[in-house]
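Here's a quick briefing on the charged side chains and who pairs with whom. Have a look at the structure first, then we'll walk through the contacts.

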2 protein chains.
Amino acid sequence: MPGRNIDEWIDRYLSVSFLVMKRGAALVKGSLCEEMTHDQYYLLRYIRRRGACTSTELAAMFGVNKSAVTAMTNRLVDKGWLRRDRDENDRRVIVLSLTEHGEAWVKEMDRSVYRLVEEVIARFPEEEIEAFIRTYERLARVLQEVEEAT
Amino acid sequence: MPGRNIDEWIDRYLSVSFLVMKRGAALVKGSLCEEMTHDQYYLLRYIRRRGACTSTELAAMFGVNKSAVTAMTNRLVDKGWLRRDRDENDRRVIVLSLTEHGEAWVKEMDRSVYRLVEEVIARFPEEEIEAFIRTYERLARVLQEVEEAT
DNA sequence: CCATTTTGTTCAACTGTTGAACTATTAGTA
DNA sequence: TACTAATAGTTCAACAGTTGAACAAAATGG
């Protein structure tokens, strides 16, 4: 009976994803400095990787309201980690990018977070890591598709 | 050079885990009713599965402060979904369990959340699902070990 | 030219979280 | 036994993150 199997997977997935989310967040937070929160670290990492981006992009990417992005970026600008620049081609748009200060802080935080994640990852065989991350990335794409279809 | 590989995995894992966390939460929230938040749904699910548990257990399990659990359970008790009972063998302890009302609501929410997750899961081959969830569960155990070792 | 759309902000209200101070109860020990 | 430790949970102020509605400014497209 295939339905049985699927319900079991769903149940296991829901349980474990919440657990890993909470425990993972707690561990990462323990590796960060007092000044930087978990969400701020990830958001800065995302903007760094993208080079620059807009509020609209961030809101769509992370599935939150634009006003949530404004609130978060306000705090990051206040701390001097993030810069807001008006786009001269389209003056409605505000381009977000890391300041040098922000780059340095994220790089610093990367050091301790990477050490932590490495400690975790080292306990898995290489093939398992590769397969897991690949499925995880595929899941991220599927979630975006499902969200767009709604 | 193996260090190169590990750093790439760490980077990919950090990026994708945040993305899936945010997008997944947004999707699940869309499947829930207005009255129940994402975190409340998962917490009620956990307590239901355990039958009954304490604040201390929840705090340890999810890596949060006990006062955070008090605040969350307060809201759930106010909504009539959760019950607090004093343990007569150890009167410091308060046992948390779902009310009938709570059971019914979680079961109701399960229906729409399961439908959503099924839609996502259906896009993956069975072996991939099974392997992914197994590694995920192993990750949850490793995170607990790492946290305990700290 | 003017209505519509897009981009981002402001605000009030809420959930989730921390950390310190607190109460009540139990356990350990001298 | 009596007193100190530890444990379980709550309270409180302060903060981060979130929503949703109302808003301003700028671009788009008839």
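Is A:Glu108 buried, exposed or partly exposed? With 40% relative accessibility, A:Glu108 falls in the partly exposed class, because that class lies between the 20% and 50% cut-offs. Keep in mind that this is a predicted model. Searching the whole structure over all chains turns up 30 salt bridges, and a few of them are picked out here.

**Pairs inside a helix of chain A**
- A:Glu108 has a salt-bridge partner in A:Arg111, with 3.0 Å between the closest N and O atoms.
- Both A:Glu108 and A:Arg111 sit in helix H5 (residues 100–121) of chain A, and because they are 3 residues apart, about one helical turn separates them.
- A:Arg134 counts as exposed, at 51% relative accessibility.

**A pair between chains**
- A:Glu137 and B:Arg12 meet through their side chains in a salt bridge of 2.9 Å, N to O.
- A:Glu137 belongs to helix H6 of chain A while B:Arg12 belongs to helix H1 (residues 2–31) of chain B, so this pair joins two chains.
- B:Arg12 has 16% relative accessibility, so B:Arg12 counts as buried.

**A network**
- Salt bridges link A:Glu8, A:Arg12, B:Glu130, B:Arg134 and B:Glu137 into a network.

How values were computed. Residues are numbered from 1 along each chain as its sequence is written. Chains are lettered from A and ligands numbered from 1 in the order in which they are written. This is a predicted model: local features need pLDDT of at least 70, side-chain atom pairs count only at pLDDT 80 or more; totals for chains, interfaces and linings use all residues. Side-chain values use heavy atoms; hydrogens and water are left out. A salt bridge is a side-chain nitrogen of Lys or Arg within 4 Å of a carboxyl oxygen of Asp or Glu. Helices (H or I, at least four residues) and strands (E, at least two) are DSSP runs, numbered from the N terminus. Buried means under 20% relative accessible area, exposed over 50%, partly exposed in between (1.4 Å probe, protein chains only).
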